[in-house]
Structure formats: structure tokens, C-alpha cells
Amino acid sequence: MDATALDNLRKALRGPLVTPQDAEYDETRSVYNAMIDRRPAAVARCTGTADVRSTIAFARQTGVELAVRGGGHSGPGLCLVDGGLTLDLSLMRWVRVDPVTRTAQVGGGSQLGDLDHETHTFGLGVPAGINSTTGVGGLTLGGGHGHLTRTYGLTIDSLVAADVVLADGSVVTTTEKEHPDLLWALRGGGGNFGVVTSFTFRLHPVHTVGVAATVWPVEQTQEVLRWYREFLPSAPEDLNGFFAVMTVPPAPPFPEPLHGRKVCAVVWCYTGDLEGGRLDDVLSVVNDPAPPAFHFATPMPYPMLQTMFDDLVPKGLQWYWRGDFFDTVTDEALAVHERFGRELPTGLSTMHLYPVDGAAHDVAPGETAWAYRDAIWSGVIAGIDPDPANADLIRRWCVDYWSALHPHSMGGAYVNFLGETGDADSVRATYRDNYARLAAVKHTYDPDNFFHANQNIPPAA
């Protein structure tokens with residue numbers, strides 16, 4: 001990039017402009033997935049809308065490729081382009097809660113932990129994710145699911161407004177009445193339409209929840225998953241539980257004899273009445289498929305549940321993931337899950353089936369960009385390890401697992417789980433019949449496809 005042009009951008013910004021000559025460059029360009037090692041020519045660390053507009057104007061004037069970074073959790077590292085410019089929102093971390101209207105306005109660079117912390121003091125929350133370090137922006141724009149999905153729906157089902165800087169530098173606030181087509185597209189269409197500087201969410205009652213973890217030997221995966229696929233969709237919507245194959249971590253609450261053992265498991269979240277041992281009554285069913293090797297249950301503040309896995313998977317690990325939607329777990333898929341559960345390549349590698357039914361099914365497929373309202377689970381296979389030497393190992397296991405499972409899927413995946421499989425066909429499969437409308441909205445708000453460093457939806461002709 002031209003040095004004079006960069007100096008002009010630096011002068012226009014309130015936040016810092018970080019280039020390879022700066023001591024903080026390597027830390028600034030790093031993302032959650034350490035498998036991503038890209039070197040942008042500059043990172044504009046925006047502090048507000050004015051900085052965002054200046055950065056977009058610079059990119060348009062110079063023709064440099066622009067990527068947008070919120071929380072930096074993008075698996076394929078879509079927030080970085082070699083030799084390009086990253087518009088970094090991570091300094092825009094703020095949350096304002098209105099307990100009277102039960103809404104929260106959230107800065108575009110905020111993480112889920114910021115949102116949970118501020119809403120919890122009012123006994124409120126948003127259904128979003130399972131890790132507090134996940135960026136609110138990327139998770140929301142992809143659709144968003146987590147511990148509260150069966151009770152309160154997807155994250156986008158609580159999104160009521162957004163402030164957006166468009167490709168031409170103009171700023172709009174989108175609601176159901178103002179630019180409703182843009183709000184529709186932001187509800188699951190990814191980062192294709194502009195830079196969201198703030199989100200406004202409807203809040204829901206949540207304070208202390210029932211949390212449980214139940215594990216069985218990995219050899220019982222088929223038996224347990226056969227039970228789980230029937231039980232959970234018929235369970236009350238105040239009970240959520242995601243299924244996993246995993247290795248027991250060497251940490252509480254798991255007893256030492258289980259440490260390092262490969263298991264299948266369900267992590268439960270119960271939002272119903274916790275009085276009088278109700279949680280134990282609700283979860284007495286865990287004995288139905290087979291006696292578990294370990295079961296732990298306790299009431300817990302919701303933000304504490306959201307941080308349970310933070311230390312297990314901190315920033316800086318090698319990640320490779322792929323996903324799919326499922327409306328059932330076929331008998332053939334049962335065997336696939338057991339096989340690859342037995343073959344877990346590293347201690348952190350895992351597979352999760354996240355429920356996306358319950359309240360998420362109260363919204364019709366065409367009401368938001370999220371097209372899989374008939375899915376029961378959003379699955380993700382994640383190869384994870386701290387050692388770069390194991391990158392090929394975890395990638396191969398993930399790809400083989402996904403290849404064996406994909407024929408039993410619905411054909412598309414949660415856009416945030418596409419990973420590097422996000423080619424044109426995969427993106428089309430993600431949005432089904434909503435794709436054409438998304439392309440039309442893209443044409444309206446970004447006709448030149450300026451925002452294309454994403455799981456891209458080109459504008460309609």
C-alpha cells in the first residue's frame with residue numbers, strides 16, 4: 001500500500017492503524033484459529049462509526065481488498081486477506097441494556113461474555129452460543145444457536161434492529177419498518193451486506209439454569225445416540241442438550257479415572273423450575289439408554305455456563321471444522337459417529353450435534369435468511385489441537401468423518417460451520433430457496449460485491 005495513503009488513513013482514524021512495521025502487528029492480526037496465518041497490509045482498529053466509514057472509503061478509493069473482523073472466531077479466517085485491509089471492530093465492545101423494554105444494544109466488536117455480563121444483572125439474556133469469547137457479530141449474522149435455542153429460538157429471532165455502514169459509506173438503521181429487506185438478510189445471511197456497528201436484541205428471562213453433563217463410554221455411542229435422537233425432539237422446550245463425541249478433559253468435575261477416556265456425552269441446559277430437586281427429576285431419563293459412566297448436575301448462573309469451555313479451547317489452537325444440518329440421525333449415521341468417536345485423533349477434537357428445533361421451529365423458513373427451519377440438529381465436526389504438527393492429522397480426520405456423514409445430512413450447513421468448504425455450491429445449499437432473495441438484497445445494498453471476503457453471495461444481475 002502507498003505510504004502516503006496509509007498516513008492519510010491513520011490521520012482519519014480515532015483508533016490505531018496497525019501495519020507490519022508495528023510491534024503489535026502479529027498479535028493484532030492473530031485470530032482464534034491458529035491454523036490461519038495471513039498477513040494483511042494493515043489492520044484498522046475502529047472505535048466507532050466514523051472510523052468504519054473512513055476505512056471503507058479508503059478501501060474503495062485505493063481498490064485494496066477489505067475484510068471485516070468482529071470477534072475473530074471465523075474458522076476459515078475470513079476476517080483476514082493477505083495483502084489486504086482488515087476493518088477490525090474489536091475495540092467496539094459495549095452493551096447498553098434497557099430493562100424496561102427488555103432490549104440490549106450491542107457494539108459490533110462485542111463478545112458473548114460482554115452481552116451475558118450486562119444482561120444477567122437484570123435476569124435477562126439472549127440465546128447465543130456456548131463460549132463467552134465468541135463474537136456477537138459473526139455469530140448473529142450467521143444465525144446463532146446455543147444453550148437456549150430450544151427455549152427462545154435462534155439468535156436472529158431476537159434481533160430487532162441493526163446500525164449498518166453500507167459499501168457506499170452511507171449509514172442506515174434497519175428495523176421491521178425501515179429497510180426491512182436488509183434486516184431480513186442480516187438474519188442469517190452473513191457479512192455480505194455491510195458492516196454492522198451495533199445490534200439491538202430482544203431479551204428473555206434467564207438467570208440461573210440447570211446444568212448437567214452426562215457421559216457414557218464411546219463404545220455405547222450407537223445405543224445412546226439412538227435414544228437421544230428420539231428423546232430430545234419430544235422433550236419440553238425448556239430442556240436443551242447437545243450431543244458430543246469427545247475425550248474427557250483432565251479437569252473437574254470429571255473424576256480422575258475418566259480423564260483421557262473417549263466418550264459420548266450430552267451437555268444439558270434446563271431453563272425450567274429448579275425448586276425441589278426438579279432438575280434431578282427431569283434428567284432421570286439419562287439412565288434410559290444405559291447407565292452413564294458419569295453424571296453431574298447443578299444449578300448455575302447462565303453466564304457461568306457460557307464460560308465453561310473457555311479455558312478448554314482458548315485462542316491459539318489449531319482448528320479445522322465442517323458442518324451439516326440433520327433432520328434425523330439415521331441408523332447408518334449411528335455407526336459413523338461411533339467409528340469416528342473411537343478414532344478421535346487428539347484430546348480436544350470433537351463432534352457436536354446442536355439442537356435447532358423447539359422455539360426455532362416457530363419461525364417459517366422464509367421469515368429470515370436462515371433456511372433450515374425444518375432441521376433438528378446443526379452438526380459440527382472439529383479437529384482441534386495445540387500442536388501445528390498435528391494440523392494434517394486433525395484435518396484428515398475431520399474431512400473423512402464429514403464425508404462419511406454428509407450423505408445422511410440435509411445437504412446444507414450452518415454458514416458459520418462451512419469452514420473452507422464454502423464454495424458457491426455450498427453457500428447455495430446453505431440458503432436453499434432463500435438464496436435468490438439474498439442475491440437481490442445484495443444487489444440493492446452492495447451491487448459491486450465490495451464485501452466479498454465472506455461466505456459470499458454475489459449480487460443478482
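User: Which residue stands opposite Arg 322 in β18?

Analyst: Ile 381 stands opposite Arg 322. A caution on the source: this is a predicted model, where local features need pLDDT of at least 70, side-chain atom pairs count only at pLDDT 80 or more, and totals for chains, interfaces and linings use all residues. Residues are numbered from 1 along each chain as its sequence is written, and side-chain values use heavy atoms, with hydrogens and water left out.

User: What makes β16 and β18 a pair?

Analyst: Strands are DSSP runs of E, at least two residues, numbered from the N terminus. Two of them pair if DSSP finds at least two bridges between them. Here 9 bridges join β16 to β18 (residues 377-385), and the strands run antiparallel.

User: Why is β16 called largely enclosed?

Analyst: Buried means under 20% relative accessible area (1.4 Å probe, protein chains only). In β16 (residues 318-326), 9 of the 9 residues are buried, so the rest of the structure largely encloses this strand. Both faces are covered: Tyr 320 and Arg 322 are among the buried residues on one side, Trp 319 and Trp 321 among those on the other.

User: How do you know whether Ser 110 is buried or exposed?

Analyst: Its relative accessible area is 0%, so Ser 110 is buried. Ser 110 lies in the loop between β6 (103-107) and α4 (112-120).

User: What does the side chain of Ser 110 reach at 3.0 Å?

Analyst: The side chain of Ser 110 reaches the backbone oxygen of Gly 107.

Note on methods: Buried means under 20% relative accessible area, exposed over 50%, partly exposed in between (1.4 Å probe, protein chains only). Helices (H or I, at least four residues) and strands (E, at least two) are DSSP runs, numbered from the N terminus. A polar contact is a pair of N or O atoms within 3.5 Å; within protein, one must be able to donate a hydrogen and the other to accept it, and residues adjacent in sequence count only if both atoms are side-chain atoms.
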